[in-house]
Amino acid sequence: LFSTVTILGSLHKYKNNLCFHFTDIDNSGYVSDYELQDLFKEASLPLPGYKVREIVEKIIAVTDSNKDGRINFEEFVSIIQELKSKDVSKSFRKSINKKQGITAIGGTSAISSEGTQHSYSEEEKVAFVKWINKALEDDPDCKHLLPMNPSDASLFKSLADGVLLCKMINFSQPDTIDERAINKKKLTPFTISENLNLALNSASAIGCTVVNIGSQDLQEGKPHLVLGLLWQIIKVGLFADIEISRNEALIALLNEGEELDQLMKLSPEELLLRWVNYHLANAGWQKISNFSQDIKDSRAYYHLLNQIAPKGDGFDELPIKIDFSGFHDKNDLRRAEYMLQQADKLGCRQFVTPADVVSGNPKLNLAFVANLFNTYPALHKPDNSSYDLNLLEGESKEERTFRNWMNSLGVSPYVNHLYSDLSDALIIFQLYDMTRVPVDWNHVNKPPYPLLGGNMRKIENCNYAVELGKTKAKFSLVGIAGHDLNEGNPTLTLALVWQLMRRYTLNVLSDLGEGEKVNDEIIIKWVNQTLAKANKKTSITSFK
């Protein structure tokens, strides 16, 4: 990742007043962390959420000249102007590191929680509450917490003991948490903390980004952190079966002349968009290119519902007729309400309200469509078996573990497919940064890549990634070249990724041990000592 100074220093290319006006979307006169992340995206510097929070903490610590805990326009301009000077940038970086209360890892610091304005969507809160109420309505362990009231803050209070979070993780990814490990009765501050840490560790294990979120943040019900984590957990469940290796009927979405391996590289979001357009094409309706602007009039949804609704062709399948009487209503909100009434016939009136459809809320509309797909995909596996069945094997547990580890660290973009998503090495460079291997980002080719020669630039990145592994990280990469990463060679790619994960884990253990160097022998010794203290007769000699 770029350093804080590099990121902020590059903002001087943009007019300060225009940037601030664009960023201050709630017109409060101040910049919040949520709005700042949008600014970075607009400035072609997309960053994961945890990195933005770190930057916000540092900005507040240094530039909050009037000590009101917020950044106004004058303070924003002053820091941008100061960062234009290279010398000042260096002193700025030193002064940041000297500030008390700034932590690089761990829970949200006092500076962030007390000095930063956090924004969250009321619509998302309502949608998530309704989804959880429905998902866990029959769970006896949640009877005392459900149903929650979507119109108040009961969500944040109900999640505070960790039980609901653990249950939602298992709902999205079954058997992630052993139910016996969840403390459910006679909860104390200690057992509540255990539940929340269990939830955070398990969320990380299924690929959620939990950097800079601590159990205390969840117990205190900090809305922006709770909703951010909840959305990730819900999305994991919604996207679980939107994968060709788990749902071969998706092969029906192949375009003419397209190879199966190309289709398999698409993200779940891209597959959902293609699924919608597949049904819209069958309905003779124009295609959409997003889940925001293009669905605001609800008409594409009408045709989608009509295409996927059961026709009564199957055994014991009752037909469901979609009523188009509201299709031509001149009022967008009324039309959206009529459309959702039809979705309710399919049992899929979830995540969106008429206002969410008309406003084009991309997150909630994506969730709405994903739920439709999971309930009524209306796809049939093609009879043609000319495609390579080996491609449909899906990822191994090892591959999934590596991919989820990367995503839990907040790499950008999200890793949906381990090998194809590492083909330009950008994810690997971010992992190098996180494992304290210095990366010269001026030496890295960044997207968008040109059509002509684009793959060569990716190979150059991969060559540099292998070089860093050999020279800076001192990894064992015998026989591994850049083109192996670019082509997604499983054995050789995993060899590098495994060493990255091992380095990261040892760094974490070393930090916990106040800098003491950690190796396999020390870990094995600790394991055996712990087993002996518990009067266990078993022991280990290696990790093989």
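Predicted model: local features only at pLDDT ≥ 70, side-chain atom pairs only at ≥ 80, totals over all residues.
**Entry 1: the crossing of α10 and α11**

Next I noted the geometry: the axes of helix α10 (residues 163-172) and helix α11 (residues 189-205) come within 8 Å and cross at roughly 25°. Because angles under 35 degrees count as roughly parallel, I recorded α10 as roughly parallel to α11.

I then listed the residues that make this contact. From α10 they are Val163, Leu165, Cys166 and Ile169, and from α11 they are Asn195, Leu196, Leu198, Ala199, Ser202 and Ala203. Sorted by class, the contact of α10 with α11 has eight nonpolar residues, two polar residues and no charged residues.

How many of the 10 residues of α10 are buried? I counted nine, so α10 is largely enclosed by the rest of the structure. The buried residues in α10 are Val163, Leu164, Leu165, Cys166, Lys167, Met168, Ile169, Asn170 and Ser172. I also asked which helices the buried residues of α10 pack against. They pack against α8 (122-135), α9 (154-158), α11, α12 (215-219) and α13 (223-239).

**Entry 2: Thr435**

I located Thr435 in the loop between α21 (426-434) and α22 (454-471). Is Thr435 buried or exposed? Its relative accessibility is 2%, and buried means under 20%, so I recorded Thr435 as buried. I set aside the neighbours of Thr435 within four places in sequence and found Thr435 in contact with Leu500, Arg503, Tyr504 and Asn507.

**Entry 3: cysteines**

I checked two cysteines for burial. Cys348 has 0% relative accessibility and therefore counts as buried. Cys462 also counts as buried, because its relative accessibility is 0%. I then consulted the search for disulfides. A disulfide is a covalent bond between the sulfur atoms of two cysteines. The search of the whole structure finds zero disulfides.

**Entry 4: the protein as a whole**

I finished with the totals. I noted 25 helices and zero strands in the protein. What share of the 544 residues in the protein is buried? I recorded 48%. Finally, I considered contacts between residues at least 6 apart in sequence, and 59% of these join residues at least 24 apart.

Terms used:
Residues numbered from 1 in each chain as written. Heavy atoms only, no water. Axes fitted to C-alpha atoms, helices over the stretch in contact; angles between N-to-C directions. Helix = DSSP H or I, 4+ residues; strand = E, 2+ residues; numbered from the N terminus. Parallel < 35°, antiparallel > 145°, perpendicular 65-115°, else oblique. Contact = heavy atoms within 4.5 Å. Nonpolar A, V, L, I, M, F, W, Y, C, P; charged D, E, K, R; others polar. Buried < 20%, exposed > 50% of the residue type's maximum accessible area, 1.4 Å probe, protein only. Disulfide = S-S within 2.5 Å.
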